[in-house]
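Hi,

Here is the structure I promised you. Have a look at it first, and then read on for what I found in it.

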Amino acid sequence: MDTKIRIYLADDHQVLIDGMLSMLKTNPKFEVAGYSLNGENLVEDVEKSKSDVLVMDINMPIKDGIEVLREFATKGFSCKVIILSSYDDVKIIKEVLKLGANGYLSKQSAGENIIEAINVVANGEEYFSQSIRDRIFESFSKIPQQSYINEAMPLSSITERELEVLKLITMEYSGTQISEELNISTNTVETHRKNLIKKLNVKTTIGLVKYALKHNLIN
């Protein structure tokens, strides 16, 4: 039998905790390892419970989600973390991803997305709810092209053309739309896409977005 995904919950609202507990307990793949209403001893509790995924509110009493993530990073703790938040500020999203968060859910959509998010993150990928993705893409689309290139150039061997393709991919352009926008063939677009995936070591569009967030390609 497959090993269950052990989940720890952290939120200062008991009602939200109870709602998630009820939902997660109906899934045979999940096992709720525990929960906390504040961040005081959260790192120790998650570690002791041997949890695979922590679903955590960014705003908690005593110690908030940012502090918890910093403590995880300091201790080298490998538990996957999904942030719950009422905020869609890209600066906050960037900060938690740089600190090692693996997913970001708006509280408004948590009920419909939490099971998918846990499965995706437990599988080693990143997850953003649709409203968060929309906010990221909106911010991305406002970056002046030249500043985008200047910010990215020192990072790796990525070419200027690949950066242009990366920007359009993360803005959810199709291969045909990228081809038309940059006046190149769809085969060339696909070549650039494969090169980006190889160079950035990602698997999905969300992985590309996370790379862009981490390296300040999104304002």
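A word on confidence before anything else: this is a predicted model, with a mean pLDDT of 82 across the protein and 84% of the residues at 70 or above. Strand E1 comes out best, at 96, while helix H7 (residues 145-152) has the lowest confidence, with a mean of 42. The pLDDT stays below 50 over residues 143-154, although this stretch still has 21 contacts in the model beyond near neighbours in sequence. Where pLDDT is low, the predicted coordinates should not be read in detail.

Now the sheet. It is an open one made of 6 strands, running E2-E1-E3-E4-E5-E6, with parallel pairing. E1 and E2 are joined in the parallel sense by 6 bridges, and if you want a place to start looking, Arg6 stands opposite Glu31 in E2. Helix H1 (residues 14-24) packs on the sheet and touches E1, E2, E3 and E4; its direction is at about 170° to that of E2. H4 packs on the sheet as well, touching E4, strand E5 (103-106) and E6, and its direction makes about 145° with that of E5.

Next, the inside. In soluble globular proteins, nonpolar side chains tend to be buried together. Here the largest nonpolar core has 24 residues, and Leu42, Leu54, Met56, Ile83 and Val96 are the ones with the most contacts inside it. Strand E1 (5-10), helix H2 (42-48), E3, helix H3 (65-75), strand E4 (80-85), helix H4 (90-98) and helix H6 (130-141) each put in at least two residues. H3 gives the largest share, with 4 residues. There is also a second, separate core of 20 residues, which includes Leu21, Leu84, Val120 and Val121.

What does Met56 touch, leaving aside its neighbours within four places in sequence? The list is Ala10, Leu42, Gly65, Val68, Leu69, Val81, Ile82, Ile83 and Leu84. Ala10 is 46 residues away from Met56 along the chain, yet their C-alpha atoms are separated by 4.6 Å.

Then there is Asp57, also placed in strand E3 (residues 53-57). An unreviewed UniProt entry lists Asp57 for "modified residue: 4-aspartylphosphate". Is Asp57 buried or exposed in this model? Asp57 counts as buried, because its relative accessibility is 4% and the cut-off for buried is under 20%. Leaving aside neighbours within four places in sequence, Asp57 is in contact with Ala10, Asp11, Asp12, Gly65, Leu84 and Lys107.

Last one: helix H8 (residues 160-170). This helix is mostly covered, with 8 of its 11 residues buried. The buried set is Glu162, Leu163, Val165, Leu166, Lys167, Leu168, Ile169 and Thr170.

Cheers

Terms used:
Residues are numbered from 1 along each chain as its sequence is written. This is a predicted model: local features need pLDDT of at least 70, side-chain atom pairs count only at pLDDT 80 or more; totals for chains, interfaces and linings use all residues. Side-chain values use heavy atoms; hydrogens and water are left out. UniProt positions are given in the numbering used here, feature names are shortened, and annotations may be inferred rather than shown by experiment. Buried means under 20% relative accessible area, exposed over 50%, partly exposed in between (1.4 Å probe, protein chains only). Contact means heavy atoms within 4.5 Å. A nonpolar core is a set of buried Ala, Val, Leu, Ile, Met, Phe, Trp, Tyr and Cys residues joined through side-chain atoms within 4.5 Å. Two strands pair if DSSP finds at least two bridges between them. Axes are lines fitted to C-alpha atoms, for helices over the stretch in contact, and angles run from 0 to 180 degrees between N-to-C directions. pLDDT is the predictor's confidence in each residue, from 0 to 100.
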